[in-house]
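Subject: Structure for your review

Hello,

Here is the structure for you to look over. My notes on what was found in it follow below.

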Amino acid sequence: RNAPAPVTVEPVSTAPPAPELFTWEFATDPYPAYAWLREHSPVHRTRLPSGVEAWLVTRYGDAKQALADQRLSKNPANHAGSAHAKGKTGIPGERSADLMTHLLNIDPPDHTRLRRLVSKAFTPRTVAEFAPRVQELTDQLIDRFEGRGSADLIHEFAFPLPIYAICDLLGVPREDQDDFRDWAGMMIRHGGGPRGGVARSVKKMRNYLAELIHRKREDLGEDLISNLIRASDHGEHLTENEAAAMAFILLFAGFETTVNLIGNGVYALLRNPGQRGRLQEALAGGDTELLATGVEELLRYDGPVELATWRYATEALTLGGQEIGEGDPVLVVLAAADRDPERFQDPDSLDLSRRDNQHLGYGHGIHYCLGAPLARLEAQTALATLLTRLPDLRLAVESDDLRWRGGLIMRGLRTLPVEFGSV
Ligand code: HEM
């Protein structure tokens with residue numbers, strides 16, 4: 001008799017299927033997808049909505065290593081498809097050739113030289129001296145909506161605060177700052193490409209900055225642009241073009257990030273009433289320690305920079321056991337790394353007093369955020385003032401009705417409608 005034909009049984013996979021990335025659900029809550037990637041495909045090749053293929057690095061250890069790896073270049077010319085790669089740091093309009101030579105697009109030794117020069121002009125002291133002005137700006141913005149009982153905290157608070165702050169710091173005269181606010185608003189709303197209104201706004205801003213730098217050169221003041229012009233290192237100075245690119249990147253790196261740190265931060269606090277109550281109590285008692293650790297935790301928990309800006313492999317290399325080809329783009333997913341259970345205890349919980357919190361929200365290595373002291377100052381001032389002046393602040397809509405911007409690099413809310421007082 002014939003033996004029955006052998007039956008081959010396919011092994012049943014118990015792993016849930018790979019999540020879809022870059023959908024609307026993903027923009028609303030990317031963390032379940034990042035948990036899947038960390039576990040099943042920690043260095044993951046994907047096709048981005050733009051059609052470009054890139055590697056996503058999602059585990060904390062790999063992410064930290066990648067951020068410090070000098071074989072991963074910031075210069076878009078190192079992308080295998082470099083014709084498409086120009087302006088891939090996610091900064092709208094940066095294809096304008098003369099703004100390309102900024103810190104996030106260059107490697108050592110140019111990066112080292114420019115960073116040293118800007119560090120001389122933009123010091124922790126510059127930021128500390130600026131604290132009273134940030135407090136004044138914060139109070140003025142709250143004054144405008146306090147009596148109304150409701151506000152959109154993105155448009156009326158989180159958005160204007162950093163733009164006025166950075167304009168003041170750079171030395172943009174007050175009467176010109178509303179123009180800046182409008183240009184920046186255009187870029188944040190329609191970011192991602194040099195077309196139409198965005199291109200016009202970038203051009204206006206670039207021309208304005210070039211002219212401002214020219215004027216300041218004739219008449220140096222105490223502002224950051226004057227200090228950039230003044231800064232020298234072994235007899236080297238920034239060229240006018242480098243100074244314009246530097247002012248532009250300070251504006252860009254320091255603007256939407258801070259908007260989203262305040263927006264995501266307030267939202268996280270409103271969703272975690274126990275933590276928010278502890279912070280309010282501490283503030284009422286004059287204790288600012290929880291505010292300091294709390295802002296760091298808000299950065300880890302739902303920080304504004306979801307993915308670090310683009311990097312390109314200058315040679316074939318292995319990362320997290322995965323072979324990466326020469327010229328491949330590598331995107332370090334800071335938001336995924338900062339929820340890695342291998343590194344953080346109970347990573348999906350918000351714990352404002354978290355101590356062991358070396359998050360990657362400001363990056364790591366030579367491109368570590370230059371503006372971190374300013375970002376901390378702005379976020380701490382904004383949150384403390386808001387919670388103190390509007391102690392019963394609450395969401396005016398259901399969380400499900402909030403919309404997130406679907407950008408690749410940044411994570412932030414489009415609007416944040418709130419109510420307060422007895423309306
Ligand atoms: C770089 C985050 C605010 C200026 C970076 C990087 C991150 C980051 C992750 C590294 C990107 C990479 O390696 O690809 C943030 C966050 C902020 C913030 C989360 C606010 C909450 C600011 C502010 C300024 C600023 C206020 C300046 C006014 C810069 C600059 C770089 C940078 C100039 C480039 C440094 C370099 O390449 O050497 N930031 N940033 N940032 N940031 Fe920030």
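The buried residues of helix H5 are covered by, among others, helix H12 (224-230) and helix H13 (240-271). Helices (H or I, at least four residues) and strands (E, at least two) are DSSP runs numbered from the N terminus. Two residues are in contact if their C-beta atoms, placed from the backbone, lie within 7 Å. A residue is buried with 20 or more other C-beta atoms within 10 Å of its own, exposed with 12 or fewer, and partly exposed in between, the C-beta atoms being placed from the backbone.

This is a predicted model, in which local features need pLDDT of at least 70 and side-chain atom pairs count only at pLDDT 80 or more, while totals for chains, interfaces and linings use all residues. Residues are numbered from 1 along each chain as its sequence is written.

In H5 (residues 110-121), Leu114, Leu117, Val118 and Ala121 are buried. They fall within an arc of 95 degrees seen down the axis, so they line one face of the helix; the arc is that of the directions from the helix axis to the C-beta atoms. The 12 residues of H5 should span 16 Å at 1.5 Å a residue, and the end C-alpha atoms are 17 Å apart, which agrees. The expected span is 1.5 Å times one less than the number of residues.

Overall, the protein has 17 helices and 10 strands. Of its 423 residues, 42% count as buried. Among contacts between residues at least 6 apart in sequence, 72% join residues at least 24 apart.

The largest nonpolar core has 78 residues, and Ile166, Leu170, Met246, Ala247 and Ile262 have the most contacts inside it. H13 contributes the largest share of this core, 18 residues. A nonpolar core is a set of buried Ala, Val, Leu, Ile, Met, Phe, Trp, Tyr and Cys residues joined through C-beta atoms within 7 Å. Beyond its neighbours within four places in sequence, Ala247 is in contact with Leu170, Leu209 and Ile225. A second, separate core has 32 residues, including Leu37, Leu67, Val305 and Met410.

In helix H14 (273-284), the buried residues are Gln275, Arg276 and Leu279. They cover an arc of only 100 degrees around the axis, which puts them on the same side of H14. Pro273, Gly274, Gly277, Glu281 and Ala284 are exposed on the other side. The buried residues of H14 pack against H13, H15 and H17. After H14 comes Gly286, with a positive phi near 80 degrees.

Thr288 lies in the loop between H14 and helix H15 (289-302). Thr288 is partly exposed, with 13 other C-beta atoms within 10 Å. In H15, the buried residues include Gly294, Val295, Leu298 and Tyr301, and their cover includes H13, H14 and H17.

Regards
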